[in-house]
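Here is a briefing on a two-chain model. Keep the sequence and the structure in view while reading.

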Amino acid sequence: MNRRSFLKGLLLTGLTGLGLSSLSPKGALSLAFRKKEDFEPPLVNIPVGGLIRPPGAIPEKEFRAKCISCGVCVNICHSMKYDAIAVVGLSDFRNLGTPYVKDMRDFPCGLCMECPKNCPTGALKRLDKEKVSMGQALIDFSLCFGWNGDVCLSCSKACPLGAFVFDFYNSQWGNQPYINERCVGCGLCVKYCPLGGSAVKVVKKEVYQRIRPEYDQVFNRLLKMSMEERYLVVYNENLPKILSRGRIHEREYR
Amino acid sequence: MSLMSLSFWKRYSFLRRWILLLVIFLFLLQFLRIKFLIGGLSGSLFLSWVKILDPFAFLESLVASKTFTIDALWATIPVILVYLIFGRAFCGWVCPMDLLFSWVNRLKRPFEVKFAEKIPSKVGFIIAGLLLLLSFLIEIPIFSNYLSHLTNFFRSLTALVFLIADLPVDLSLFAYSVMSLIILLILEFCFPRLWCRVLCPVGKIYGLFNKVSLLHLRYKDGECLQCASCDKVCYMKVKISQNIERRKLRSQDCIFCGNCVETCEGKAHLIKFKLGV
């Protein structure tokens with residue numbers, strides 16, 4: 001019996017070692033073990049408004065009722081090398097065991113649409129990626145390079161839906177990106193924003209509906225501003241904030 | 001010679017452990033991004049093609065959401081087909097708790113609690129019904145999301161691997177899943193096989209298949225030695241020797257572990273597995 005349990009132990013240890021050595025491809029590993037960013041997230045006054053569900057999720061209440069926490073979406077996401085989906089822990093006991101996209105700064109959803117395709121319970125429904133509604137990405141105009149005299153466009157280049165989602169407002173202040181309501185909330189722009197702590201934030205669609213008038217007011221005021229006013233805003237308010245966060249060139253989408 | 005005789009007399013206990021380890025190994029491959037079996041034993045994806053869903057989880061999800069999803073029904077069909085053939089063999093051959101519980105049972109108990117053995121296994125249907133009712137009322141699949149040993153086992157495996165690889169995972173979820181597994185092991189230490197025999201609704205549903213499954217226990221012709229060894233080795237407390245006149249045994253509690261077959265082979269050689277009608 002001893003020999004058998006020893007062999008079993010040996011087998012398991014070997015497998016674990018093998019597993020861990022080939023778990024993360026080099027890129028993901030180097031990103032994951034990088035020093036975590038401790039900047040406060042952009043748009044602090046706008047709450048995320050709940051859990052960002054994987055693509056194709058049915059409405060929140062039904063989703064909670066349908067999902068049985070089997071882990072297919074989590075592991076299919078891992079096998080597609082996105083690792084976006086995590087499982088809710090004790091912080092939200094009502095949703096315990098259900099999947100959500102935890103960390104868009106490092107692990108956004110790649111919209112491969114494998115999880116809705118393979119969900120066995122129907123909690124995630126198959127649909128086109130343009131029709132996904134995980135959330136809405138919002139650009140913090142006071143932190144974005146594009147809105148403060150630089151040409152960056154990392155977010156729009158990273159976006160899997162491209163010009164379908166991005167509107168551009170060119171001026172002498174730069175190539176100013178605006179994300180419209182067709183955004184699906186995958187979070188790739190959050191990851192590839194080179195600003196420390198990212199200048200993009202993904203919120204739930206319900207929150208977006210609520211805060212949109214306010215958000216668009218800021219946007220329209222910026223567009224209508226005179227050269228002198230804008231100069232004061234950019235140089236006195238925005239650039240000090242941006243410079244304190246710094247530009248992370250490895251994150252830029254090229 | 002000794003190994004040969006071991007593999008002959010103990011062939012079922014030997015084989016079922018290797019099948020269990022094989023299934024867990026196939027599930028572990030998903031962490032290496034090999035898409036053979038993805039998910040866990042309550043719901044999974046086989047060869048990126050066949051969706052598999054545990055029937056009890058399907059029922060819970062159905063009553064909690066009150067909406068019927070045809071995809072979910074399709075996903076339960078492979079399971080139902082397998083259990084129409086093998087009955088409740090899942091519990092003895094694939095369930096990881098069976099292995100963990102057998103390790104717990106090797107420990108010496110300082111006390112013995114007898115009353116748990118007297119609880120009839122039929123009580124489990126009431127518990128399964130109550131769980132379904134509770135899921136219906138609070139609109140969350142309560143067993144699958146919070147209590148299930150299968151969910152918690154595979155959740156803690158995934159969480160452990162993700163923690164080590166520094167992938168997004170909630171530490172509190174890992175703690176919760178491991179704690180619920182430990183609570184189950186403590187329960188097993190105090191009341192041997194109470195979970196398998198009475199409490200676990202997954203096994204209860206599979207037990208229903210035992211009534212119609214192709215695999216069942218048969219008694220060969222011959223004289224019983226009345227040693228009652230089969231009753232003693234059966235940890236699911238099936239009354240094996242009492243049914244010997246009926247020629248076959250279709251008990252809801254039988255998990256086809258093969259203990260009785262192996263014991264009887266050394267003695268009267270009466271009990272055997274039969275795959276067929």
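Domain bounds here come from an automatic or database domain assignment. Chain A is divided on that basis into domain 1 (44-134) and domain 2 (135-245). This is a predicted model: local features need pLDDT of at least 70, side-chain atom pairs count only at pLDDT 80 or more, and totals for chains, interfaces and linings use all residues. Residues are numbered from 1 along each chain as its sequence is written, with chains lettered from A and ligands numbered from 1 in the order in which they are written.

**Confidence in chain A**

- pLDDT is the predictor's confidence in each residue, from 0 to 100. Its mean over chain A is 83, and 86% of the residues of chain A reach 70 or more.
- Helices (H or I, at least four residues) and strands (E, at least two) are DSSP runs, numbered from the N terminus.
- Over residues 24-32 of chain A, pLDDT stays under 50. The model has ten contacts beyond four places in sequence for this stretch; a contact means C-beta atoms, placed from the backbone, within 7 Å.
- Where pLDDT is low, predicted coordinates should not be read in detail.

**Domains of chain A**

- The centres of domain 1 and domain 2 of chain A, taken over C-alpha atoms, are separated by 25 Å.
- Their contact takes 18 residues from domain 1 of chain A and 21 residues from domain 2 of chain A.
- The domain 1 side has eleven nonpolar, three polar and four charged residues. Ala, Val, Leu, Ile, Met, Phe, Trp, Tyr, Cys and Pro count as nonpolar, Asp, Glu, Lys and Arg as charged, and the others, Gly among them, as polar.

- Chain B has 15 helices and six strands. Its C-alpha trace spans about 60 × 45 × 40 Å along the principal axes.
- Buried residues make up 44% of the 277 residues in chain B. Buried means 20 or more other C-beta atoms within 10 Å of a residue's own, exposed 12 or fewer, partly exposed in between, with C-beta atoms placed from the backbone.
- The contact between the chains takes 48 residues from chain B and 40 residues from chain A.
- Helix 10 of chain B gives the most to the chain B side, with six residues.
- That side divides into 24 nonpolar, 15 polar and nine charged residues.

- A nonpolar core is a set of buried Ala, Val, Leu, Ile, Met, Phe, Trp, Tyr and Cys residues joined through C-beta atoms within 7 Å. The largest has 134 residues, of which Cys73(A), Cys189(A), Val200(A) and Ile271(B) touch the most other members.
- Helix 10 of chain B gives the most to this core, with seven residues.
- Beyond four places in sequence, Cys189(A) is in contact with Ala137(A), Cys155(A), Ala158(A), Cys159(A) and Val200(A).
- In helix 4 (residues 72-79) of chain A, eight of eight residues are buried.
- These buried residues pack against elements of chain A, including helix 5 (114-118), and of chain B, including helix 10.
- Lys81(A) follows helix 4 of chain A and has a positive phi, near 65°.

**Phe145(A)**

- Phe145(A) is found in the loop between strand 3 (136-139) and helix 6 (154-158) of chain A.
- Phe145(A) counts as buried because it has 22 C-beta neighbours inside 10 Å.
- Not counting residues up to four places away in sequence, Phe145(A) touches Asp150(A), Cys152(A) and Leu195(A).

Methods:
Two residues are in contact if their C-beta atoms, placed from the backbone, lie within 7 Å.
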